Amino acid sequence: MSEHLYKYLRPEAFPTPFCAGCGHGILMNAILRAVDELQLDFNKIVFVSGIGCGAWIPSPHFAADTLHTLHGRPIAYATGVKLFNPDLKVIVISGDGDLAAIGGNHLIHAARRNIELTVICANNSIYGMTGGQVSPTTPKYAKTMTTAKGNPEEPFDLCKLTVACGARYVSRYTVYHIKPLINSIKKAMTTKGFAFVDVVSPCPTQFGRRNKQPTLYEMFNDLKARAIRYETAKGLKKDELTGKIIIGEFNE
Amino acid sequence: MPKLINKSLLPPKKYFMQGNIACAEGALAAGCRYYAGYPITPSSETMEHLSNRLPEVNGVFIQMEDEIGSICSMIGASWAGAKAMTATSGPGFSLMLEGLGYAVMTETPCVIINVQRTGPATGQATRPGQGDIMQARWGAHGDYRIIGISPWSVQEMYDLTIESFNLAEVYRVPVILLADEVVGHLKESFIIKPEIEIFNRDSSMSDKPFGTVQDDGVPPMPIFGQGAKLLVTGSTHNEFGIRKVADPVVQDMLVKRLCAKIDNHKDKICKTESYLVDDADYLFISFGISARSSYAVIKQLRNEGIKAGLLRLKTIWPFADEIIKSAAQNCKVVFVPEMNRGQLVLEVQRVLCNKQVISIPKTQGEAIYPSEIYNESKKYIK
Amino acid sequence: MEKIKLNRKWCKGCGLCIEICPKNVYDREAKVSTKGFKEIIVKNPDLCNQCQLCELLCPDLAITIEKTKKDAKVNK
């Protein structure tokens with residue numbers, strides 16, 4: 001990462017605890033670039049995270065106030081921080097299992113209340129830390145530790161969900177689409193209201209290995225093949241969108 | 001710890017109020033400026049009252065989506081510098097236990113009001129019980145200590161709520177006010193004094209917000225936005241807040257200190273009240289509304305010439321071992337009336353292992369009557 | 001002058017930089033190191049056109065590209 005971003009890190013926490021080729025490190029870089037380009041005061045940001053690999057992005061790597069909370073609850077904690085001290089910028093970074101499964105209730109209600117929080121979902125479609133179980137965003141038919149014959153369930157579209165709940169800014173990018181991702185995180189951080197960024201972040205260790213994409217590069221190729229712009233997707237039928245990852249801004 | 005004297009918010013005089021509302025006023029007087037809650041009988045009046053009163057004092061009120069969200073947002077607000085509170089009852093308290101454990105681990109000052117009803121599960125929502133006292137002490141997983149306080153009147157719903165905030169701030173620990181439906185819904189007169197003793201947390205900047213030199217100390221607690229670069233985590237952490245998820249020494253030191261900071265200060269935390277205990281042959285040990293019925297019983301027994309006394313526990317947790325031992329020194333039989341199948345009695349039996357300790361339980365979803373305590377105790381009084 | 005800084009303490013050897021670099025700047029060592037993988041090396045630093053793709057996408061935040069004034073002109 002660029003040297004001028006080192007001031008945002010706790011160097012003693014590196015190397016990161018993530019597996020080789022984990023997309024979360026790329027997201028970490030993107031978030032710090034967004035903070036730097038916006039010239040935000042790092043002392044006035046509180047990073048709130050839950051449990052799981054995604055939750056370890058801010059804690060302990062960021063040299064800011066970090067609140068590493070219970071599984072599924074970061075948005076509830078963030079609500080308390082933001083409401084009591086609105087001068088603080090409160091950014092929630094957590095995984096798909098944390099925000100959408102166990103914490104789904106807090107997600108939809110914070111979006112409904114339109115509280116000024118930036119929620120970044122490090123979405124790797126799997127429970128990575130616990131060993132690769134199916135998550136609410138695992139694609140249909142994907143193999144995981146708990147769906148050896150393929151996932152029988154449809155995944156959540158977290159962007160459509162949060163738009164429906166009233167979020168002010170909603171977008172999805174993959175870590176491969178790094179420049180638009182950084183811009184989108186910047187927009188989310190400056191949104192006056194609830195902002196949600198769904199970041200598709202590959203997990204080669206727990207997801208790729210079991211789905212014939214054992215390296216980050218192979219997973220990137222898959223993301224490239226499946227990604228489709230929001231504007232393009234609007235003109236397509238439902239079955240044409242099967243397996244696609246819609247990227248872009250969902251409510252602008 | 002510096003003691004402050006605050007003026008009461010309401011004009012000092014005699015008031016006629018419901019327990020739950022007196023509790024809300026006590027919280028405001030103590031400096032509570034954040035409330036997050038979820039409706040549940042029989043505690044909702046506290047929330048309703050605060051929804052109007054908190055904005056008047058520049059506080060924040062929010063009705064969350066569930067009790068888990070309530071306790072979590074309260075902990076978040078506490079780290080942002082608030083004196084924060086939530087109120088609930090049995091089923092809600094069960095949900096809050098994960099947050100309770102988190103508050104203990106991260107040493108977050110906060111106050112939880114549990115207006116106890118009957119259980120298990122939904123039980124009888126409008127009926128009183130005292131069945132959550134062991135849950136309050138042991139409910140969350142892992143080893144820890146909390147402070148549990150029990151009021152027996154509307155006056156104490158006000159006074160002990162203030163006391164709860166003070167203890168939470170001084171010891172950086174969640175404090176649970178174990179009220180019951182009778183006290184919560186009771187309307188009676190009580191007095192608001194002009195001045196109140198207040199303790200505030202030490203929020204000085206520190207690079208060690210989770211460690212002290214003494215192994216039973218309470219570290220200073222910087223808040224978010226001060227530039228302290230806090231690392232707050234529910235995982236095992238060292239004095240700096242850095243996660244140490246496989247270090248046996250750090251785990252041991254942390255858990256020992258979390259327990260010792262309460263255990264070693266028992267003499268300052270534990271408050272009890274004694275009524276005619278000094279010469280008592282028969283000692284009643286009770287708390288909350290059961291203690292109030294017991295008080296009627298000892299007066300009746302005294303009228304009959306029987307030397308009966310009452311030791312009332314205002315502080316249930318930590319358990320007042322030494323006070324109970326010395327109060328029961330010369331008595332023949334100890335009675336423990338309570339509105340559950342016998343929870344407090346287990347602790348009393350542990351402390352008074354050489355005495356005859358009789359449990360007087362009641363689980364009919366109504367207050368335990370003096371006549372019931374009287375009749376049961378008479379079987380053992382010779 | 002060193003334009004590409006590879007922090008080998010932070011690198012876990014996922015090899016994304018090798019695959020993603022349009023100029024074949026990176027390669028692996030021939031032998032497995034004590035860290036358990038064939039470590040990444042900057043084999044052809046002179047080929048680098050400073051597109052910064054590796055810096056932006058390195059999951060271990062281990063790559064820093066220093067932009068030099070001269071190169072900036074070349075890029076224009």
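**View 1. A:His68 sits across from B:Thr233.** In this predicted model, A:His68 stands opposite B:Thr233, a residue of strand β11(B). The strands behind this pairing are β2(A) and β11 of chain B, the latter covering residues 231–233. They run parallel, and three bridges join them.

**View 2. Where chain A meets chain B.** Zoom out a bit and you get the whole contact, with 29 residues coming from chain A and 35 residues from chain B. Between them, the two chains bury about 2,800 Å², and 60% of that is on carbon and sulfur atoms. On the chain A side, look for A:Asp65, A:Tyr77 and A:Phe84: these lose the most area to chain B, together 22% of what that side buries.

**View 3. A:Arg113 reaches B:Glu65.** Here's a salt bridge between A:Arg113 and B:Glu65, with the closest N and O atoms 2.8 Å apart. The count between chain A and chain B is two salt bridges. As for polar contacts, 19 residue pairs turn up between the chains, both partners at pLDDT 80 or more. Which elements of chain A give two or more residues to the side that touches chain B? They are β2 (65–68), α2 (74–84) and α4 (104–113). Of these, α2(A) supplies the largest share, seven residues. Sorted by class, this side of chain A has 13 nonpolar, 11 polar and five charged residues.

**View 4. Two domains inside chain B.** Now over to chain B by itself, where the domain assignment gives domain 1 (3–199) and domain 2 (271–378). Taken over C-alpha atoms, the centres of these two domains of chain B are 26 Å apart. In the contact, 27 residues of domain 1 of chain B meet 28 residues of domain 2 of chain B. Together these domains bury about 2,200 Å², 59% of it on carbon and sulfur atoms. In domain 1 of chain B, the residues that lose the most area to domain 2 are B:Gln130, B:Ile133 and B:Trp152, together 36% of what that side buries.

**View 5. B:Lys314 pairs up with B:Glu156.** The closest N and O atoms of this salt bridge between B:Lys314 and B:Glu156 are 3.9 Å apart. Between domain 1 and domain 2 of chain B, the count is four salt bridges. There are also 16 residue pairs in polar contact across this domain interface, both at pLDDT 80 or more. On the domain 1 side, the elements giving two or more residues are α5 (133–138), β7 (147–149), α6 (154–171), β8 (174–180) and α7 (181–185) of chain B. By class, that side has 12 nonpolar, eight polar and seven charged residues.

Key. Residues numbered from 1 in each chain as written. Chains lettered and ligands numbered in written order. Predicted model: local features only at pLDDT ≥ 70, side-chain atom pairs only at ≥ 80, totals over all residues. Heavy atoms only, no water. Contact = heavy atoms within 4.5 Å. Buried area = accessible area lost by both parts, 1.4 Å probe. Salt bridge = Lys/Arg side-chain N within 4 Å of Asp/Glu carboxyl O. Polar contact = N/O pair within 3.5 Å; in protein donor to acceptor, adjacent residues only side chain to side chain. Helix = DSSP H or I, 4+ residues; strand = E, 2+ residues; numbered from the N terminus. Nonpolar A, V, L, I, M, F, W, Y, C, P; charged D, E, K, R; others polar. Pairing = 2+ DSSP bridges. Domains from an automatic or database assignment.
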